[in-house]
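Please look at the sequence and the model before reading on.

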Amino acid sequence: MLEQMGAAAKAASYKLALLSSREKNRVLEKIADYLEAQSHQILLANEQDLADARNNGLSEAMLDRLALTPARLKSIADDVRQVCNLADPVGQVIDGGLLDSGLRIERRRVPLGVIGVIYEARPNVTVDVASLCLKTGNAAILRGGKETWRTNGATVNVIQQALEECGLPAGAIQAIESPDRALVNEMLRMDKYIDMLIPRGGAGLHKLCREQSTIPVITGGIGVCHIVVDDSAEIAPALKIIVNAKTQRPSTCNTVETLLVHQGIAQTFLPALSKQMAESGVTLHADENALALLKDGPAKVEVVKAEQYDDEYLSLDLNVKVVTDLDDAIAHIRTHGTQHSDAILTRTLRNADRFINEVDSSAVYVNASTRFTDGGQFGLGAEVAVSTQKLHARGPMGLEALTTYKWIGFGDDTIRA
């Protein structure tokens, strides 16, 4: 089955690479229209997936990731339309010039070819990946989690209808609908057809892909994100940012998981934090020093376990640790962070500069919520993933991250001396 899918995707990629921006935008507009016109099919499939997930004891955080609503589906369709408005990077000349030999060279952006994406209970990823791949002339093979197989199947069916309506092969966007995990292992070795693999899931999936894949892998999406509260921070604005970073959508990878509070502000800041977190329904997991200042407050608080510094809660839970200084905070982030998104709340320019320069994450923030690490928020349109590695792409992966380049040489009967 996968051999046929791979061959169909590779054949489709050759056709997609030749499309003009206008032709690609026409396809995307058709997909957005079809997602809305046939939303009942997708929402019905999603209801069935949700029912099974609840019966299987899936956590509330995962259920939130899985759930589609008419409003969410409309937002997804609007995101596709937004991709139409983005500049098409394919064909862009990056650099070049005339050499002494008389050869004129260019480095030009081209599609990667076929992109494979493995992801869990995030049905919006299906459309995000499809729209970005089509905009950049790439075909895609998608393998969503077993919890979303109906939703993904219904969504890809709508996308394929739009493709065929525009005279393009349905093989341009395909989904592996079987929940059989053996197919994942088989997919990891499809280097004959797949040019780049993107896993979006937990640490186990990333480890499997790094160890078993014969295809280049882009890893990321695991976010143990931190916010440092400096001793110069103003309490009211800081609390507003923390509430947003923790509660705006707790199940996302850019949600803050650990708060590092400077000891110079802890005595006044932590009681205020307790009051705010109680109002927001957040449970605090505190180290010894923080616990002493939080135990009499209204928020639910318990002693943090060492392993909790290394895990994503993806829920209304927040670690709180008192640090002696910025060096202590940076050392904690280097030990426990995942190079995703980290922020400092400060009114000291020197500390802001130090944080920017010394915290080696794909996105760092000064006096802002970590929730901004998102392709749409960065002006990239939808994103295919957030990369936390350093080669090829880093941070939210938009259109340019789905291209490579080729060198082109123009001669006038030019030969090498």
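## Paired strands

In this predicted model, strand β2 and strand β16, the latter spanning residues 403-410, run antiparallel and are joined by eight bridges. Within this pairing, Val110 has Thr404 of β16 as its bridge partner.

Strand β2, which covers residues 104-111, also pairs in the antiparallel sense with strand β1, residues 93-98, and five bridges are found between these two. Here Gly97 stands opposite Ile105 of β2. The hairpin of β1 and β2 has five residues between its strands, and Gly102 in this hairpin takes a positive phi near 95°.

## The largest pocket

Turning to open space, the largest pocket has a volume of about 1000 Å³. Its lining consists of 43 residues, and those that lie nearest the centre are Arg122, Asn124, Arg249, Thr252 and Asp374. Two or more residues of this lining come from each of α4 (60-66), α5 (70-84) and α6 (123-135), with α5 giving the most, namely five residues.

By class, the lining of the largest pocket divides into 15 nonpolar, 16 polar and twelve charged residues.

Taken as a whole, the lining of the largest cavity has four nonpolar, four polar and three charged residues.

Methods: Residues are numbered from 1 along each chain as its sequence is written. This is a predicted model: local features need pLDDT of at least 70, side-chain atom pairs count only at pLDDT 80 or more; totals for chains, interfaces and linings use all residues. Side-chain values use heavy atoms; hydrogens and water are left out. Ala, Val, Leu, Ile, Met, Phe, Trp, Tyr, Cys and Pro count as nonpolar, Asp, Glu, Lys and Arg as charged, and the others, Gly among them, as polar. Two strands pair if DSSP finds at least two bridges between them. Helices (H or I, at least four residues) and strands (E, at least two) are DSSP runs, numbered from the N terminus. On a 1 Å grid over the protein atoms alone, a cavity is a set of points where a 1.4 Å probe fits but cannot get out, and a pocket is an open set with protein on both sides within 12 Å along at least five of seven lines; lining residues have an atom within 4 Å of a point. Grid points are joined across faces, edges and corners, and a volume is the space filled by probe spheres set on the points.
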